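Visitor: I would like to learn how to read a model like this one. Where shall we begin?

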Amino acid sequence: MKILKFKFLSKILLAGLILFSAVSCEKDDEIRVIKLGHGLDVSHPVHKAMVFMADRVAEKSGGKMQLDIYPSQQLGSERECLELLQIGSLGMTKVSTGVMENFAPGLKVFGLPFLFRDREHRFTVLESEIGESFLNSSINKRLKGLTFYDAGSRSFYSKTPLKTPEDLDGLKVRVMESQTAINMVKLLGGSPTPIAWGELYTALQQGIVDGAENNLPSFYLSRHYEVCKYFLVDEHTALPDELVIGTPVWNDLSEQEQKWLKEAAMESSEYEKKLWREAELEALEEIQKAGVEVIEA
């Protein structure tokens, strides 16, 4: 009971601190400060792109706008950050569209396997009016997308070899909190297990799950290759990441501030594409050095 009480009080304290800090989303001495929380490591391409965006916002606004970035789940998991956005306690976050589908059902389409022909096809869709409509599809849930970030293609990795479809039979596979991902793994014969990203390394170590599915840079930067020595390059899905702002904060911005932020977000997306490609090549080289068997589907 003491442990449960401690955890409960800790959550209340964290919520209180975040709510208290939310005032910085308002004007302070003529400087607009927006807090951006996410779950990625600082070495991740998407985090670096958001740092680039923060620099561009400062430049465009002449120092009148500022983004404060809190990585590595300092302010909560992806879903927790989204909920904080909805009540205005946090300004912005980065989430996978797999998680966003819980707030905007139309985004489930990105979870369909082998949806795009190639990278060019994917970006053509994301950067079109279709992509913009997806970014705006969660406004009724108090969440507005600003841009998509390249998150590559997702493949399976495991502690045991994956060479044929039958190797997935009964395999406990970590998936995102996405019904589409759960259904996909079930149909492939696996046993889908939703687990928060920050808890996955321990879950793999302890055998709670046998493997997972994600992109190469995430597999490498999370050090999951230390536990899973088999990476199957099947590229079954290509879910982009989405940069999201809560409408309580967005609607409080002036038209000029919205313009600065939107332009900086789009520029950071272009910058992130280059970083992502470099990260994929580095990750592939490094995991092979670490003894991971890379298997082409």
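Guide: With charge pairs. This is a predicted model. Its structure holds 22 salt bridges.

Visitor: What is the general idea behind such pairs?

Guide: Side chains of opposite charge can pair when their charged atoms come close. Now the case here. Asp-150 and Arg-119 form a salt bridge, with the closest N and O atoms 3.3 Å apart. Asp-150 sits in the loop between β5 (143–149) and β6 (154–158), and Arg-119 belongs to helix α5 (residues 119–126), so this pair ties together parts 31 residues apart in sequence.

Visitor: Is Asp-150 buried or exposed?

Guide: Asp-150 counts as buried because its relative accessibility is 3%, and the cut-off for buried is under 20%. Arg-119 is partly exposed, at a relative accessible area of 28%.

Visitor: Which other residue forms a salt bridge with Asp-150?

Guide: Arg-122 does, and the closest N and O atoms are 3.0 Å apart. That pair also links distant parts of the chain: Arg-122 is in helix α5, Asp-150 in the loop between β5 and β6, 28 residues apart. Arg-122 counts as buried, at 5% relative accessibility.

Visitor: How far apart are the closest N and O atoms of Glu-226 and Arg-223?

Guide: They are 2.6 Å apart, in a salt bridge. Glu-226 is partly exposed, with 35% relative accessible area. Arg-223 counts as partly exposed too, at 43%.

Visitor: Which residues do salt bridges with shared partners join into one network?

Guide: Arg-56, Glu-59, Lys-60, Lys-259, Glu-263 and Glu-267.

Visitor: How many positive and negative side chains does the protein chain have?

Guide: There are 34 positive and 44 negative side chains. The centres of the two sets lie 5 Å apart.

Visitor: Let us turn to backbone angles. Which residue has a positive phi although it is not a glycine?

Guide: Arg-223 has one, with phi about 65°. Arg-223 lies in the loop between α9 (216–221) and β10. Glu-235 is another non-glycine with a positive phi, about 45°. Glu-235 is found in strand β10, and Glu-235 is partly exposed, with a relative accessible area of 44%.

Visitor: Where does Gly-189 take its positive phi?

Guide: Just after α7, at about 95°.

Visitor: Which residues of helix α7 (residues 179–187) are buried?

Guide: Thr-180, Ala-181, Ile-182, Met-184 and Val-185 are buried there. To read a helix like this, ask next what covers those residues. For α7, the cover includes β6, β7 (172–175), β8 (191–194), β9 (211–214) and β10 (230–237).

Visitor: Now the whole chain. How many helices and strands does the protein chain have?

Guide: It has 11 helices and 12 strands.

Visitor: What does the radius of gyration say?

Guide: Compare the value with the expectation. For 297 residues, a compact globule would have a radius of gyration near 19 Å. The protein chain has 19 Å, which agrees. Its C-alpha atoms fill a box of roughly 60 × 55 × 35 Å along the principal axes.

Visitor: How should I read contacts across the chain?

Guide: Look at sequence separation. Among contacts in the protein chain with a separation of 6 or more, 73% are between residues 24 or more positions apart.

Visitor: What share of the 297 residues counts as buried?

Guide: The buried share is 51%. The accessible surface of the protein chain comes to about 14200 Å². Carbon and sulfur atoms hold 55% of that surface.

Terms used:
Residues numbered from 1 in each chain as written. Predicted model: local features only at pLDDT ≥ 70, side-chain atom pairs only at ≥ 80, totals over all residues. Heavy atoms only, no water. Helix = DSSP H or I, 4+ residues; strand = E, 2+ residues; numbered from the N terminus. Rg over C-alpha atoms; globule rule 2.2 N^0.38 Å. Buried < 20%, exposed > 50% of the residue type's maximum accessible area, 1.4 Å probe, protein only. Contact = heavy atoms within 4.5 Å. Areas by Shrake-Rupley, 256 points an atom, 1.4 Å probe, with all protein chains shown as cover. Lys, Arg positive; Asp, Glu negative; His and termini not counted. Charge placed at Lys NZ, Arg CZ, Asp CG, Glu CD. Salt bridge = Lys/Arg side-chain N within 4 Å of Asp/Glu carboxyl O.
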